[in-house]
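Thank you all for coming; I would like to walk through one model this morning, going from the whole chain down to single residues. Please have the sequence and the structure open while I talk.

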Amino acid sequence: MNRRTALAGVLALTTGLALAGCSSSSDTPDLQVIGGFMPQPVNDMAAGFLVVQNHGTGDDRLTSVTSPLSDDITIHETRDQVMRKVASFDVPAGGELNLERGGNHIMFMKLKRQPKQGQKVSVELHFEKAGAIEVDLPVKETTHNPKKQ
Ligand code: CU
């Protein structure tokens, strides 16, 4: 979300509150996770990709990820082909968070097992407001990229 959109959202919210009095549901995120997958890992590290859509009226934030596959899971962004750990990813109201090849991703280190193509990896996404959302990531071939099909 850019600054202008954020400001418009704040103004709309303020107006809405003034008209409606008080509405506790006016800043509630409504999250849906789609398109998740994990490329079959070739060593003891793996990446996870997915899209989080926010159909609600409140911003949210992805703060951490847990999974039985690994005790060392972080969220990374990629800039100039270098990846870097981040504390959180924004999931703006009416927008989405894209974790995709070459960009933001979930990083699994020290894998406890080697997931194979066709299997599923259970992960729990932790959001600041929406709480935990559990999703199964299907394991795809190592080079899988939905944007190149
Ligand atoms: Cu990474």
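Predicted model: local features only at pLDDT ≥ 70, side-chain atom pairs only at ≥ 80, totals over all residues.

**From the fold to the copper site**

Let me begin with contacts: among those in the protein chain with a separation of 6 or more, 68% are between residues 24 or more positions apart. The protein chain has one helix and 10 strands, and along the sequence the pattern reads α-β-β-β-β-β-β-β-β-β-β. Of its 149 residues, 34% count as buried, while the accessible surface of the protein chain comes to about 9000 Å², with 51% of that belonging to carbon and sulfur atoms.

Now to the metal. Which residues coordinate the copper ion? The donors are His76 through ND1, Met83 through SD, His105 through NE2 and Met107 through SD, at 2.1 to 2.2 Å. The arrangement is tetrahedral, because the angles that the four donor atoms subtend around the copper ion run from 100 to 116°, and the criterion asks that all angles lie between 85 and 135 degrees. Looking back at the sequence, you will find the donor residues spaced as H-x6-M-x21-H-x1-M.

Next, strand S9, which spans residues 120–127. In a regular strand the side chains alternate between the two faces of the sheet. In S9, Val121, Val123, Leu125 and Phe127 make up the covered face, whereas Lys120, Ser122, Glu124 and His126 make up the uncovered one. S9 runs antiparallel to strand S3, residues 60–66, and four bridges join the two; within that pairing, Leu62 has Phe127 as its bridge partner. With strand S10, residues 131–140, S9 is again antiparallel, here through eight bridges, and Leu125 stands opposite Ile133. S9 and S10 form a hairpin, with three residues between them.

That brings me to the loop between S3 and strand S4 (72–79), where Ser67 lies. Is Ser67 buried or exposed? Ser67 counts as buried, because its relative accessibility is 11% and the limit for that class is under 20%. Leaving aside residues up to four places away in sequence, Ser67 touches Ile73, Phe108, Val121, Ser122 and Val123. One of these, Ser122, places its backbone oxygen 2.8 Å from a polar atom of the Ser67 side chain.

Asp71 lies in the loop between S3 and S4 as well, but at 69% relative accessibility Asp71 counts as exposed. Which side chain does the side chain of Asp71 meet in a polar contact? The partner is the side chain of Lys112, at 3.1 Å, and although Asp71 and Lys112 are 41 residues apart along the chain, their C-alpha atoms are separated by 8.5 Å.

Finally, Pro92, which you will find in the loop between strand S6 (89–91) and strand S7 (96–99). Pro92 is buried, with a relative accessible area of 15%.

Key
Residues numbered from 1 in each chain as written. Heavy atoms only, no water. Donors = N, O, S within 2.8 Å, 3.2 Å for Na, K, Ca; no water. Tetrahedral: all angles 85-135°; square planar, octahedral: opposite > 155°, others 65-115°. Buried < 20%, exposed > 50% of the residue type's maximum accessible area, 1.4 Å probe, protein only. Pairing = 2+ DSSP bridges. Polar contact = N/O pair within 3.5 Å; in protein donor to acceptor, adjacent residues only side chain to side chain. Contact = heavy atoms within 4.5 Å. Areas by Shrake-Rupley, 256 points an atom, 1.4 Å probe, with all protein chains shown as cover.
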